[in-house]
Amino acid sequence: MSDDHRLKALFAYDEPPQRDPAFSSAVMAEVMRRRFLADVAVLSGVSALGGTALWALWPSLQPALVAISQGLAPAIVAGALVVCAGMIISGRHAGELLGLET
Amino acid sequence: MSPASLDEALVAAAQAGSTDAFSRLVERHQQALRAFLRRACGDWAQADDLAQETFLAAWSRIDRLKAGASVRAWLCGIGYNKHLTALRSGSRERVREASYEADRDPTRCAAPEDRLALEAAMGELPAEQRACVALCLAADFSHTEAAEALNLPLGTVKSHVTRGRSRLLQALGGPDER
């Protein structure tokens, strides 16, 4: 056996298994945990930004929203009546009727 | 698909945000990285901690890995820097024998005295030389690949490997080629 082969054979003792699900799972669990925390941080930031913007714009938005809602009220009532009638006639609930559920 | 092109495809998918692709990269390279760190720091438990930190750092820096670069060398480079940081900080001081001896299986070793002599000789090598030996003599890295991984000049790697090999063989009672 050559010197290099001898060294390599002795070094082989330190070799971890080729597949180690426990190690890989531990790494990926930590990766997913960090990714989740990063997502939560981003969503929290966006929500805070949106809330602040809404708070700042509310005085100018409110009259427009009131006007729109008054204008749309008859259409919304008519739509609700159609959906209720459909549910009663077909015997299915609203989600199925609107195609939101199968 | 060759291992290199499979790595390249997995890296591209991981760079696009696929954790499944990164998980496969972890499975494919954990053995090489952990083996290198075990030889570089001599403490199996610490090596596995460093390997885990290395993969986490790799995930956050995966977009910096250039297409076609060796994933194995890149990971070993990150792991080596983490090992050097741990050495400098001294925060990972552990009772080496306790963890190392607990993990080993003496029945696996045909010549335990040779193993102990090799381990002692590796422990006496300077960190840089030890890393070069661990990559080139134990893990079949080319000198160029090791130089890239450890961020060292090619000539320095060659010189470290030659000197390290000579010291290890001397410790094992073989020829001293200095």
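This is a predicted model: local features need pLDDT of at least 70, side-chain atom pairs count only at pLDDT 80 or more; totals for chains, interfaces and linings use all residues.
Chain B as a whole has 9 helices and 0 strands.

**H4 against H8 in chain B**

- Helix H4 of chain B spans residues 71-89 and helix H8 of chain B spans residues 143-150; their axes come within 7 Å and cross at roughly 45°.
- That angle is why H4(B) and H8(B) count as oblique to each other.
- On the H4(B) side, the residues that meet H8(B) are Ala73(B), Cys76(B), Gly77(B) and Tyr80(B).
- Their counterparts in H8(B) are Glu145(B), Glu148(B), Ala149(B) and Leu150(B).
- Sorted by class, this contact of H4(B) with H8(B) holds 5 nonpolar, 1 polar and 2 charged residues.

**H7 against H8 in chain B**

- H8(B) also packs with H7(B), here at an angle of about 140° and with the axes 9 Å apart.
- H7(B) and H8(B) are therefore oblique to each other, and their crossing is right-handed.
- H7(B) contributes Ala131(B), Cys132(B), Leu135(B) and Cys136(B) to the contact, while H8(B) contributes His143(B), Ala146(B), Ala149(B) and Leu150(B).
- The class count for the contact of H7(B) with H8(B) is 7 nonpolar and 1 polar, with no charged residues.
- Ala149(B) and Leu150(B) are listed in the contact with H4(B) and again in the contact with H7(B).

**Two domains in chain B**

- Chain B splits into domain 1, residues 1-104, and domain 2, residues 108-178.
- Where the two domains of chain B touch, domain 1 puts in 13 residues and domain 2 puts in 15 residues.
- Helix H2 (19-41) and H4 of chain B each give at least two residues to the side of domain 1 that touches domain 2.
- H4(B) gives the most to that side of domain 1, with 6 residues.
- By class, the side of domain 1 of chain B that touches domain 2 has 9 nonpolar, 3 polar and 1 charged residues.

**Chain B meets chain A**

- The contact between the chains draws 26 residues from chain B and 22 residues from chain A.
- Two or more residues on the chain B side come from each of H2, helix H3 (44-61), helix H6 (112-124), helix H7 (127-138) and helix H9 (154-171) of chain B.
- H2(B) gives the most to the side that touches chain A, with 11 residues.
- Sorted by class, the side of chain B that touches chain A has 12 nonpolar, 6 polar and 8 charged residues.

**Chain B overall**

- Read from the N terminus, the elements of chain B run α-α-α-α-α-α-α-α-α.
- Chain B has 178 residues, of which 34% count as buried.
- Among contacts in chain B with a separation of 6 or more, 66% join residues 24 or more positions apart.

**One residue in chain A**

- Ala53(A) sits in helix H2 of chain A, which covers residues 21-90.
- Ala53(A) counts as exposed because it has 10 C-beta neighbours inside 10 Å, and the cut-off for exposed is 12 or fewer.
- Between Ala53(A) and Pro16(A) there are 37 residues of sequence separation and 54 Å in space, C-alpha to C-alpha.

Key
Residues are numbered from 1 along each chain as its sequence is written. Chains are lettered from A and ligands numbered from 1 in the order in which they are written. Axes are lines fitted to C-alpha atoms, for helices over the stretch in contact, and angles run from 0 to 180 degrees between N-to-C directions. Helices (H or I, at least four residues) and strands (E, at least two) are DSSP runs, numbered from the N terminus. Angles under 35 degrees count as roughly parallel, over 145 as roughly antiparallel, 65 to 115 as roughly perpendicular and the rest as oblique. Two residues are in contact if their C-beta atoms, placed from the backbone, lie within 7 Å. Ala, Val, Leu, Ile, Met, Phe, Trp, Tyr, Cys and Pro count as nonpolar, Asp, Glu, Lys and Arg as charged, and the others, Gly among them, as polar. Domain bounds come from an automatic or database domain assignment. A residue is buried if 20 or more other C-beta atoms lie within 10 Å of its own, exposed if 12 or fewer, and partly exposed in between; C-beta atoms are placed from the backbone. A crossing is left-handed if the near helix is turned anticlockwise from the far one by less than a right angle, and right-handed if clockwise.
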